[in-house]
Amino acid sequence: MCGIVGYIGSQPILPILLEGLKRLEYRGYDSAGVSVIEDGKLDTKKAAGKISNLERLIASNGDMGRRGGIGIGHTRWATHGAPTTMNAHPHSDQGLRIAVVHNGIIENYRVLKHQLEQTGVVITSDTDTEVLAQLIAHFYVDDLESAVRLALKRVEGTYGIAVVSADEPDKIVVARNGSPLLIGIGEDQNYVASDVAAILHHTRQVIYLDDHEMAVVERNSFRTMSLDNVTVEKEIEQISWEIGAIEKQGYSHFMLKEIHEQPETVYNAMRGRFDEDAATAHLGGVDMSDVDLRNVERIIITACGTSWHSGLIGEYMLEEVARIPVEVEYASEFRYRNPIVNSGTLAIAISQSGETMDTLWAMREAKMKGARALGICNVVGSTIARESDSGCYTHAGPEIGVASTKAFTAQITVLALLTLAFGRVREMDRARGMEFINEMKALPDRIQMILDKEDEIRKLAEVYVGHDNFLYLGRGYNFPVALEGALKLKEISYIHAEGYPAAEMKHGPIALIDKNMPVVFIAPKDRAYEKVVGNIEEVRARSGRVIAIATEGDMEIGEKADHVLHIPKTIPCLMPILSVIPLQLLAYHIALLRGCDVDQPRNLAKSVTVE
């Protein structure tokens, strides 16, 4: 959940570390710190809160890190211990010679802590990471690499770590098990990071560590090996992202930029994937023949958060169009309930980062039980992308805003392409396949039409900014959109919001409705329209305020809703890609008006790499 960056070379260290931490702040912003080695000494500075606090601390402490050399940095999302300066990383040993930054959770740290304390070690923080730093020091004689290896043999849990020692100022030792880590390759200098965004300004050549691997990174070289000290040859990969993709480019917030990128990202998700001669879709990463597609007996989709909502939409698509039984599982529950999986099962794991710990382990569980695993993710080289049997990249580009927007619509787009491919080898005829393709190709322009109404949505936000509770309701394909709309509002504005199937309102939530309860209905003209209008009447009868997302040209609903936002028409299974856009903008502008930190909402981090 946290961010790691490290550097060894001749450039001034601090500008590189601080820039990298700022690029990673979306992964954790409870506290931050850096350790550099200069003149044979380890110098560590840490501060609670945003990285700006760390910058001010460093500015008041002279010439730290102004020369070339070696250093590591960390921005934290708290797991063990409150977000205080004491608990911030890097953590050191008692002798202040070794520094460690760590993502993940050391599950047996209490046992290790007790053992270390019996030898006289004094643990000063509340974290599991300090225990690891002290354990490495316990094994350290004159070889940092061996000390790290011996310490990790005692550790149970997950980690991505970078370690430096003032006694060996020519190397950074890194290791990974369950938490992403990469090495950036430069000329006479090298980098380490938990996310390519941290080092993209400096290099585009990287290698990704896999679980149970470690590396020794020096100025002019690096060595990779297993934790058992067996050499591992790694392929250097080229990053294609442009630096502008991780900058705001004139937008007030990354979230707003990413909302407005959706015409492009939806187009990119489907670009080059249509076969109009056969009226189907071909996804290059899906290594499945038509026979393989026909032989799938059942699909399990596993995901978390926003990706789980896109999975629900995928379930509805695949069952209706391709006539395949589909279940959508919370990844965090799937691996612990002994699910029924066999060789006829296709397990689809959806994760923006491709590193979501719960989703990764759910996919591994499905594979172990005999399923074929298909990954849908956004980050090239991510663990899910590497470990799945086949997969699809969403091609959405970096998503920096913690609240996911463009990743959601890109995931639905890829699920729609899969639905088309499955449908065409099963029950979908060519005419319907071409209609599906044409409707998908029209989506970018239709999204832009909604974005062009942002001023109207902003004015609506001004009306409802003072409310502390919202209800979001939808039916069919738009029930998951209701869940997603409520989640966006909760995440960034801290307003309590719940999403429900519209018909379920009368089975409990209707008790909450009064003049102070805004109710957002996703009410396009589809087969459930009349039923949704009936639900609107039930809210009106109880003095509830109604906001309706309706199909362009629908004037009837304006007589029943307090406010209506119209969106273009499309086929029902693609409607969520359009109906979610105004909900994203509504959440954004309400949060902005409430003075919330839109890109870095409290208690949240972008990539959840712990259980």
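Visitor: In the hairpin of strand 5 and strand 6, which residue takes a positive phi?
Guide: Keep in mind that this is a predicted model. Strand 5 covers residues 91-92 and runs antiparallel to strand 6, with 2 bridges joining them. The hairpin has 5 residues between the strands. The one with a positive phi, near 55 degrees, is Leu-96.

Visitor: Which residue of strand 6 is the bridge partner of His-91?
Guide: Strand 5 and strand 6 are joined by 2 bridges. In strand 6, the partner of His-91 is Val-100.

Visitor: Is strand 6 largely enclosed or open, and how many of its residues are buried?
Guide: Look at both faces. Ile-98, Val-100 and His-102 are buried on one side, and Ala-99, Val-101 and Asn-103 are buried on the other. Strand 6 is therefore largely enclosed by the rest of the structure. The count of buried residues in strand 6 is 6 of the 6.

Visitor: How many bridges join strand 6 to strand 7?
Guide: Strand 7 spans residues 159-165 and runs antiparallel to strand 6. One of the pairs is Ala-99 with Val-164 in strand 7. The number of bridges joining strand 6 to strand 7 is 6.

Visitor: What holds neighbouring strands of a sheet together?
Guide: The pairing may be parallel or antiparallel. Either way, strands of a sheet pair through backbone hydrogen bonds.

Visitor: What is the order of strands in the open sheet of 5 strands?
Guide: The pairing in this sheet is parallel. Strand 18 and strand 21 are the edge strands, since each pairs on one side only. Neighbouring strands are turned by 20 degrees against each other on average, direction ignored. The order is 18-17-19-20-21.

Visitor: Which residue in strand 21 is the bridge partner of Gly-375?
Guide: Strand 20 covers residues 372-377 and pairs with strand 21 in the parallel sense, over 4 bridges. In strand 21, the partner of Gly-375 is Gly-391.

Visitor: Which strands does helix 9 touch?
Guide: Helix 9 packs on the sheet. Its direction makes about 170 degrees with that of strand 18. The strands touched by helix 9 are strand 17, strand 18 and strand 19.

Visitor: Which strands does helix 11 lie across?
Guide: Helix 11 covers residues 357-368. It runs at about 170 degrees to strand 19.

Visitor: Are helix 9 and helix 13 roughly parallel or antiparallel?
Guide: Their axes come within 9 Å and cross at roughly 20 degrees. The crossing is right-handed. Residues that meet there include Ile-313 and Met-317 in helix 9, and Ile-412 and Leu-415 in helix 13. Angles under 35 degrees count as roughly parallel, so helix 9 and helix 13 are roughly parallel.

Visitor: How many residues apart in sequence are the parts that Glu-327 and Arg-298 tie together?
Guide: Glu-327 and Arg-298 form a salt bridge, with the closest N and O atoms 2.8 Å apart. Glu-327 lies in strand 18 and Arg-298 in strand 17, so the pair ties together parts that are 29 residues apart.

Visitor: Is Lys-257 buried or exposed?
Guide: Lys-257 forms a salt bridge with Glu-261, with the closest N and O atoms 2.8 Å apart. Glu-261 is buried, at 15% relative accessible area. For Lys-257 the relative accessibility is 1%, so Lys-257 counts as buried.

Visitor: How far apart along helix 16 are Arg-458 and Asp-455?
Guide: They form a salt bridge, with the closest N and O atoms 3.8 Å apart. Arg-458 is partly exposed at 28%, and Asp-455 is partly exposed at 49%. Being 3 residues apart in helix 16, they are separated by about one helical turn.

Visitor: How many salt bridges are there?
Guide: Some are linked in a network, which joins Arg-176, Asp-211, Glu-355, Arg-364 and Glu-387. The count of salt bridges comes to 32.

Visitor: Is Glu-439 buried or exposed?
Guide: Glu-439 is found in helix 14. Beyond its neighbours within four places in sequence, its contacts include Arg-446 and Lys-569. Its relative accessibility is 18%, so Glu-439 counts as buried.

Terms used: Residues numbered from 1 in each chain as written. Predicted model: local features only at pLDDT ≥ 70, side-chain atom pairs only at ≥ 80, totals over all residues. Heavy atoms only, no water. Buried < 20%, exposed > 50% of the residue type's maximum accessible area, 1.4 Å probe, protein only. Pairing = 2+ DSSP bridges. Contact = heavy atoms within 4.5 Å. Salt bridge = Lys/Arg side-chain N within 4 Å of Asp/Glu carboxyl O. Axes fitted to C-alpha atoms, helices over the stretch in contact; angles between N-to-C directions. Parallel < 35°, antiparallel > 145°, perpendicular 65-115°, else oblique. Left-handed = near helix turned anticlockwise from the far one by under 90°.
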